[in-house]
Amino acid sequence: MTTHKDRAPLVEALTEYRLRGASSFHVPGHKNGRAYGKDPKYAEMLQAAMQIDVTEITGTDDLFHPEGAIREAQELAADCFGADESYFLVGGSTSGNMALILTVCEEPGDIILVQRNVHKSVLHGLMLAGARAVFLQPGMDGPSGLAVAPSPETLRKALAAYPGAKAALITMPNYYGMGSDITPLAELCHDHGIPLLVDEAHGAHYGQHPQLPASALSCGADGVVQSTHKMLAAMTMGAMLHVQGKRINRRLLRQRLAMVQSSSPSYPIMASLDLARRLLHTQGAGALTAGLAAVDAFRRGLAKLPRFGLLQPPQPGSPAAGTAAAGGQAPPPHAGAAAYTRQDPFKAVIYDRTGVLSGYALQRALEERGCVPEMSDEQRVVLLFTLGSTIEDSNHVLWALVHIVEQEETSSRTPHKAGDAANGSRAQSTEELIRMLKGRGDFMKHYVPSSRIDTTFAFGSSEVRLLPEASSKSNVSTWNNWGDEAPYSDPVSFSLKPMDEGRIEPMPVELCAGRTAAEMVIPYPPGIPILYPGEVITEGMARRLADLRDAGAKCQGIADPSLATIVVYRQEAGLPR
């Protein structure tokens, strides 16, 4: 087994191929980029990648039967991330989630325990497997109203009710970087002789620095999927699947991975996985130091802007700094503060304490000023930092927040059109505004508090209108998805059987309550289905769909992208069988 941390075996093999200068008589057709020789206008940005964009030839190994460079690269990844065995994924975490489900659910009708608010790739895996899912209610952070992983008690009850379940699958951390210790969940699964599978797409960096939460593998998970491209340095679609122990059939897993991934895997993506691992493996915690310093600078700067709050776990004896609980979605009665005990420092989740700017409006305002967030919901904006973030990035977004408030103050004193405060001056181009904000320099050194901006929104000020714990605004977080009061559902069957068009019809969202959904509603990001086919649409869900539509949320999986209507079963047709 290769243990030389500073090596990048696949990158070395591809570099050797490029330097050899051999003539290509194999795919791909661009022939190391030469096909663009007469039309180089846009090809320059791809030129370096195309020189290593090869196929399974002598010396480059085979992802699905690795014996050389890829095998060595995957062994090094296993050593870096603490796995018994690691697999490169060129289809993102999506392919890993599907492969794990197809591995543990060997036969149609097998039962698997699944956290209800999971990524759509998990649902697609269930469909491919023909599995039956028992959905586990997520835990709930009361102050923020956001869902996290199911509690140990919920999992314990589900395991007792369905002792034949093949596995349990959860997501940790969630899209906001919120989480908790999953060791009790792993122990419960192991006591019942089944594996715990974890979609750790947003936690590839976990366990790699003392300031970061523990990784799922270190907590005892058996199969873990990580999006190396999200929080580390791989190219988009580059991910890894890590396994440990004997509860997962690895021979079958390798077969499933070959089924759900392309037979022509991208070598540039695999090379980026090799390099991302090497960066972390050789530098250790030091690889994350600069990024954490950028986050710390942002947090210290944000503390000087009391207009904006920051999501963080509840502190003993005091409420969390999270946003208000979901007004339009009453949290389930099994909600508990202990559901949220760990926060990824690289996920800075901010919100307007006054409630004047929704999360969507704040995102648009930041984008107008050259700061592009990861996502937003009605109240919050997720700013994603990584090991590649810089102090300059932090200064830019802090000055952008100051400018948003300055523009709002200016607009409040002069006649203006609605929305001008959030969108900034129309006379100033986005490029000019970005240059101006970046040119302001070190925020902590040069920021001079404005008496109007900082006293009006100071804590305890009589003028401030902070968001209360029970907001009157409906919370339409696209991460939340919970059902009734029961901690787990009856088994829900999944299949690839297409919908009978004669048994369904579109229905205005305002009139859909009480009807049975015939399509999946998937707000994206983060890609978490909030409504499944076969579910009865409650009054609360109908209001939530209308809120999402009115807020301009983008949804996948629906026939009407505007969300003016939703497809339901005809009342005379009955439920699908």
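The model is predicted, so local features need pLDDT of at least 70 and side-chain atom pairs count only at pLDDT 80 or more, while totals for chains, interfaces and linings use all residues. Residues are numbered from 1 along each chain as its sequence is written, and side-chain values use heavy atoms, with hydrogens and water left out. Helices (H or I, at least four residues) and strands (E, at least two) are DSSP runs numbered from the N terminus.

**Helix pairs**

- Helix 4 (residues 92-104) packs with helix 5 (residues 120-129) at an angle of about 35°, their axes 8 Å apart; axes are lines fitted to C-alpha atoms, for helices over the stretch in contact, and angles run from 0 to 180 degrees between N-to-C directions.
- From helix 4, Thr94, Asn97, Met98, Ile101 and Leu102 meet residues of helix 5 including Val122, His124 and Leu126, where contact means heavy atoms within 4.5 Å.
- The residues of this contact comprise seven nonpolar, five polar and no charged (Ala, Val, Leu, Ile, Met, Phe, Trp, Tyr, Cys and Pro count as nonpolar, Asp, Glu, Lys and Arg as charged, and the others, Gly among them, as polar).
- Helix 3 (residues 69-81) and helix 10 (residues 267-283) have axes that come within 10 Å and cross at roughly 40°, in a left-handed crossing.
- Among the residues making that contact are Ile70, Leu76 and Phe81 of helix 3 and Met270, Asp274 and Arg277 of helix 10; the contact divides into nine nonpolar, one polar and three charged residues.

**The sheet and its helix**

- Four strands form an open sheet in the order 11-13-15-14, with antiparallel pairing (two strands pair if DSSP finds at least two bridges between them).
- Strand 11 (308-310) and strand 14 (375-376) are the edge strands, each pairing on one side only.
- Strand 13 (residues 347-352) and strand 15 (residues 380-384) run antiparallel and are joined by five bridges, with Val349 opposite Val382 in strand 15.
- Helix 12 (residues 359-368) packs on the sheet and touches strand 11, strand 13, strand 14 and strand 15, its direction making about 45° with that of strand 15.

**Cavities**

- There are three cavities of 30 Å³ or more (a cavity is a set of points, on a 1 Å grid over the protein atoms alone, where a 1.4 Å probe fits but cannot get out).
- The largest cavity has a volume of about 80 Å³, a volume being the space filled by probe spheres set on the points, which are joined across faces, edges and corners.
- Of its 15 lining residues, Met172, Ser180, Tyr206, Ala214 and Arg342 are the closest to the centre; lining residues have an atom within 4 Å of a point.

How values were computed: 1 Å grid on protein atoms, 1.4 Å probe; cavity = no way out; pocket = protein on both sides within 12 Å on 5 of 7 lines; lining within 4 Å. Left-handed = near helix turned anticlockwise from the far one by under 90°.
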